[in-house]
Number of protein chains: 2
Amino acid sequence: MSDPDRPEGGVATEPGVSYAIARLHQLVFAAVSERAARHGLTALQFTTLSVLNRHGVPLSNSQLARRSFMTAQSMHEVIHRLEQDGLIARSPHPNHGRKLPATLTTKGRRVVVACEKAVAEFEKTMLKGLTKADRSAFLRTLKAAVKNLGGGFGEGASRD
Amino acid sequence: MSDPDRPEGGVATEPGVSYAIARLHQLVFAAVSERAARHGLTALQFTTLSVLNRHGVPLSNSQLARRSFMTAQSMHEVIHRLEQDGLIARSPHPNHGRKLPATLTTKGRRVVVACEKAVAEFEKTMLKGLTKADRSAFLRTLKAAVKNLGGGFGEGASRD
DNA sequence: CCTTAGTTTCAGGTCACCTGATAACACGTC
DNA sequence: GACGTGTTATCAGGTGACCTGAAACTAAGG
């Protein structure tokens, strides 16, 4: 019903879990992008600042790349832009002539904290109506699926 | 521990649900992309063929776009390429001079069925070790979150 | 010293999206 | 039957997020 063009043939095997994950991600990504945009950031820029903020200690381009599961070249584009925009600063590592660890500037910290607050609000909306048990089961399953696929969460990607 | 560069300061507020969803999606997307690539498709091309296959009846560019939550212009790029590659065919709608409904070609159907099989295998791997109850709770929560964010799943996006 | 591995960075390419603009058609209203 | 409103297909141009390849430098171990 609700589809006047549909005759009868297609039984329509329903879409799998992958599809539901993709759809939810699409909505989450859009929501995060929108909130980050209010502070002049893309979602990727926000998450990169967030990683830096959570880690507490300066991280080099390569380290950030590993934690974000992308190439150093891709990460370079991100932090180059963040540096231009004055959200991070990079100064040479004391006892390593090649590494350029990045730290949040005051402006960068202010922005990332504001974004994180907005995202936390958003998550509350997303999970509205779910019990504490539902939420923890959800998170547990997400983590289990990641683990089953051989992935981590980038807390300590290899060494570093 | 496991991080020699980490002194003491950062308490590291742990990343939220959004982050876990993004990470799982990243792995799922990579896995689907890889499997689709074996048949010469991108993940997006595969899902588009899949929508067409599930629906059973020809869909126009605009209809496909609505079901996939993107603009008609973006979808046009996808189906134009699929048409070039001989995976779909488009012929004018009998009683509408502008619509160009797309159908799967024999080749297209063969490819999408093969991909769907590969993806189903993949999903089994991803959910290994989870009980029937875990899986249905997971899917239920995914759907609830989508609903909380005001999204549907494109089965009947508005009319059509 | 020389090799191997890690790091930063430039150059160039692809894919998945977007907005804007055009042109043709559909259809109800006057 | 002309007219406005909405839908559709499609071209043109642009951005963000990724990639590989290659160059140059540094670190560390034989």
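"Near" is used when a residue's C-beta atom, placed from the backbone, lies within 6 Å of the molecule or strand.

Before going on, please note that this is a predicted model, in which local features need pLDDT of at least 70, side-chain atom pairs count only at pLDDT 80 or more, and totals for chains, interfaces and linings use all residues. Residues are numbered from 1 along each chain as its sequence is written, while chains are lettered from A and ligands numbered from 1 in the order in which they are written.

Which helices each supply at least two residues of the surface near DNA strand C? They are helix 3 (61-67) and helix 4 (72-84) of chain A, together with helix 2 (43-55) and helix 4 (72-84) of chain B. Helices (H or I, at least four residues) and strands (E, at least two) are DSSP runs, numbered from the N terminus.

Now turn to DNA strand D. It is surrounded by 20 residues, the closest being A:Thr42, A:Ser74, A:Gly97, B:Ser60 and B:Asn61. For this surface, helix 2 (43-55) and helix 4 of chain A and helix 3 (61-67) and helix 4 of chain B each give at least two residues. Its classes come to five nonpolar, 11 polar and four charged residues.

Next, take a look at chain A by itself. Chain A holds six helices and two strands, and from the N terminus on its elements run α-α-α-α-β-β-α-α. Of its 160 residues, 30% count as buried, that is, with 20 or more other C-beta atoms within 10 Å of their own, these atoms being placed from the backbone.

How do the two chains meet? The contact takes 53 residues from chain B and 53 residues from chain A, where two residues are in contact if their C-beta atoms, placed from the backbone, lie within 7 Å. On the side of chain B that touches chain A, helix 1, helix 2, helix 5 (106-126) and helix 6 (132-148) of chain B each give two or more residues. Helix 1 of chain B provides the largest share, 13 residues.

That helix has a partner in helix 1 (residues 17-37) of chain A: their axes come within 9 Å and cross at roughly 130 degrees. Axes are lines fitted to C-alpha atoms, for helices over the stretch in contact, and angles run from 0 to 180 degrees between N-to-C directions. The two helices are therefore oblique to each other; angles under 35 degrees count as roughly parallel, over 145 as roughly antiparallel, 65 to 115 as roughly perpendicular and the rest as oblique. Residues of this contact divide into 10 nonpolar, four polar and no charged.

Helix 6 (residues 132-148) of chain A also packs against helix 1 (residues 17-37) of chain B, at an angle of about 30 degrees and with axes 10 Å apart. That angle makes helix 6 of chain A roughly parallel to helix 1 of chain B. Among the residues that meet here are A:Leu139 and A:Leu142 from helix 6 of chain A and B:Val17 and B:Ala20 from helix 1 of chain B. This contact has nine nonpolar, no polar and two charged residues.

Notes
Ala, Val, Leu, Ile, Met, Phe, Trp, Tyr, Cys and Pro count as nonpolar, Asp, Glu, Lys and Arg as charged, and the others, Gly among them, as polar. A residue is buried if 20 or more other C-beta atoms lie within 10 Å of its own, exposed if 12 or fewer, and partly exposed in between; C-beta atoms are placed from the backbone.
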